[in-house]
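Trainee: I'd like to learn how to read a protein model, one feature at a time. Can we go through this one together?

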Amino acid sequence: MRAVDIIMAKREGRELSREELAFLINGFVAGTIPDYQVSAWAMAVFFRGMSPAETAILTEQMLNSGGRMDLSGIPGPLVDKHSTGGVGDKTSLILAPLAASLGLRDPMMSGRALGHTGGTLDKLESIPGYRTSLSPAEFREILARDGFAMTGQTKDTVPADRLLYALRDLSATVESIPLITASILSKKKAEGAEALVLDVKYGSGAFMRDPAEAERLARSLVDTGAALGLRIIALLTNMDQPLGRMVGNFLEVEECYACLDPALYDAVVPGKTPGPALAADLMELTLELGARMLMLGGKAESPEEGRRLCLGALAGGKPRELFLRNIESQGGDREQFLTMLGTYRSPHRAEILSKEDGYIARIDARKLGQAGIGLGVGRDRIEDPVSPRAGLQLHKKAGAPVQRGEPLMTAWGRNRESLDAAIPLLEGAAEYAAAPPPPEKLVMKEIRHG
Ligand code: URA
């Protein structure tokens, strides 16, 4: 078998066989098939696509390139959630303890911030002492004891994806539905999840801006996941403006903690309406995703019942306690964490004021995300450092009435220069209207297999 024939076959639009895909992926990981041939193949896939069966085989071959987390003996159901990424997208930090409090086990393997989107690992590492590189034994132990554990990928987690993603990034082949599907699902299978709720985002801050394209991705993920034996549901959700009020690393952890402990909300964000209403969209999406996790885990019959269970658990305080316990389990200090709430901010701070009277038509998530890279929330290259104390707090979201000179956001930068550079970008992210804009749906659609 020759790689050039496989590239040619895909270039002509032919469906590749299991043997051909195994040859390509194994050869790539072993270093016997060079990067330039794999890049050419990725470009052929980008233009020609893959059949559902072919996508499932590619996912399996990628999964087989590394080890799998051994979660045998841990009583399930092992249910995870994965988001395709956005700005202020922090539901994992609320969902993991919430799901655990209701009897699910969430083996969460997350990624880092890249480009305009944030990363769960960077957020968690803003908690002093918190360790996100758990050994497999630690991951198992914490998962079994606390009901969830949060770790990053190891060198052995789907090496084919690590290598292929780096090539795709440099060869303009990231935005290919079968390649994204195989990349996401191979990692989720490797972490040991039995069931998966996907949050597939569309809109300016999402990977796929176009809802129709995001829906195609959701369908591919759901069908391929089901072919690989996962119980799986996707929600198609809006990411036109940031989710919740905080964008940053510690800022987002803080917002999640506040959502788990509504009594604290006013202390965290002084002068604002107490309770989760301040993060209404964040809580709404969390409940919708949490309800599906419960359904897939056999704990709820319907989204309505799932939501009720989630609300009851939040009111009882157990998810909050599990969140704090996880901080301790992973190396942090809960008392220190609690003293940091509302104060752990960079000293380099600026207020962004409204330029007009009227209504906020839109706060462009991508523009905020891009400004966040400079502030220290995210990064352009995976090796760049992030700042735990940088970020943004939104005082207004789409639909809010506003007067000229009123604060729209507070920004904290890693240093003065980063803040000065971000201010015009942040000002440019707000769009105004004379009348309230029509409300946008947060969850557009649920997609199931079949
Ligand atoms: N996220 C992934 O993990 N892989 C992709 O290919 C795209 C987004």
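Trainee: Which loop holds Pro-77?

Mentor: Keep in mind that this is a predicted model. To place a residue, look for the helix or strand on either side of it. Pro-77 sits in the loop between H4 and S1. There's something else to spot here: the peptide bond joining Gly-76 and Pro-77 is cis, with omega about -5°.

Trainee: Where is Met-69?

Mentor: Met-69 lies in the loop between helix H4 (52-63) and strand S1 (79-83).

Trainee: Is Met-69 buried or exposed?

Mentor: For that you read the relative accessible area, and under 20% means buried. Met-69 has 16% relative accessibility, so it counts as buried. Next, ask what it touches. Setting aside neighbours within four places in sequence, Met-69 is in contact with Met-109, Pro-136, Phe-139, Ala-190 and Glu-191.

Trainee: How far apart are the C-alpha atoms of Met-69 and Thr-157?

Mentor: They are separated by 8.6 Å, while the two residues are 88 residues apart along the chain.

Trainee: What does Ile-232 touch, leaving out residues up to four places away in sequence?

Mentor: Its contacts are Leu-185, Leu-196, Leu-198, Leu-221, Val-222, Gly-225, Ala-226 and Leu-296. Ile-232 belongs to strand S5 (residues 231-238). Its relative accessible area is 7%, so Ile-232 is buried.

Trainee: And what about Ser-39, buried or exposed?

Mentor: Ser-39 is buried, at a relative accessible area of 17%. This residue lies in helix H3 (residues 35-48). Beyond its neighbours within four places in sequence, Ser-39 is in contact with Leu-167 and Ser-171.

Trainee: Which residues other than glycine have a positive phi, such as Val-158?

Mentor: For this one you check the backbone angle together with the residue type. Val-158 has phi near 40°, a positive value in a residue that isn't glycine. It is found in the loop between strand S3 (148-152) and H8. With 1% relative accessibility, Val-158 counts as buried. Another case is Ala-172, with a positive phi of about 55° although it is not a glycine.

Trainee: Is Ala-172 buried or exposed?

Mentor: Ala-172 is exposed, with a relative accessible area of 53%. You'll find Ala-172 in the loop between H8 and H9.

Trainee: Let's do sheets. In what order do the four strands of the open sheet run?

Mentor: The order is S6-S9-S11-S7, and the pairing is antiparallel. Strand S6 (246-248) and strand S7 (348-353) are the edge strands, each pairing on one side only. From one strand to the next, the twist averages 15°.

Trainee: How many bridges pair S6 with S9?

Mentor: S6 and strand S9 (residues 391-394) pair over three bridges, in the antiparallel sense. Within that pairing, Val-247 stands opposite Leu-392 in S9.

Trainee: Which helix packs on the sheet, touching S6?

Mentor: That's helix H11 (residues 250-260), which touches S6, S9 and strand S11 (407-413). Its direction makes about 140° with that of S6. Helix H18 (residues 416-429) packs on the sheet too, touching S7, S9 and S11, and its direction makes about 15° with that of S7.

Trainee: Now the ligand. Which residues are around it?

Mentor: Around the ligand are Tyr-165, Arg-168, Ile-180, Ser-183, Ile-184, Lys-187 and Phe-207. A polar side-chain atom of Arg-168 is 2.9 Å from an oxygen atom of the ligand. For Ser-183, a polar side-chain atom lies 2.6 Å from a ligand nitrogen atom. For Lys-187, a polar side-chain atom lies 2.5 Å from an oxygen atom of the ligand.

Trainee: How much of the ligand's accessible area does the protein cover?

Mentor: The protein covers 85% of the 230 Å² that the ligand has on its own. Helix H8 (159-170) and helix H9 (177-191) are the elements giving two or more residues to the shell around the ligand. H9 gives the most, with four residues.

Notes
Residues are numbered from 1 along each chain as its sequence is written. This is a predicted model: local features need pLDDT of at least 70, side-chain atom pairs count only at pLDDT 80 or more; totals for chains, interfaces and linings use all residues. Side-chain values use heavy atoms; hydrogens and water are left out. Buried means under 20% relative accessible area, exposed over 50%, partly exposed in between (1.4 Å probe, protein chains only). Contact means heavy atoms within 4.5 Å. Two strands pair if DSSP finds at least two bridges between them. Axes are lines fitted to C-alpha atoms, for helices over the stretch in contact, and angles run from 0 to 180 degrees between N-to-C directions. A residue is near a molecule or strand if one of its heavy atoms lies within 4 Å of it. A polar contact is a pair of N or O atoms within 3.5 Å; within protein, one must be able to donate a hydrogen and the other to accept it, and residues adjacent in sequence count only if both atoms are side-chain atoms. Accessible areas come from the Shrake-Rupley method with a 1.4 Å probe; for residues, only the protein chains shown count as cover.
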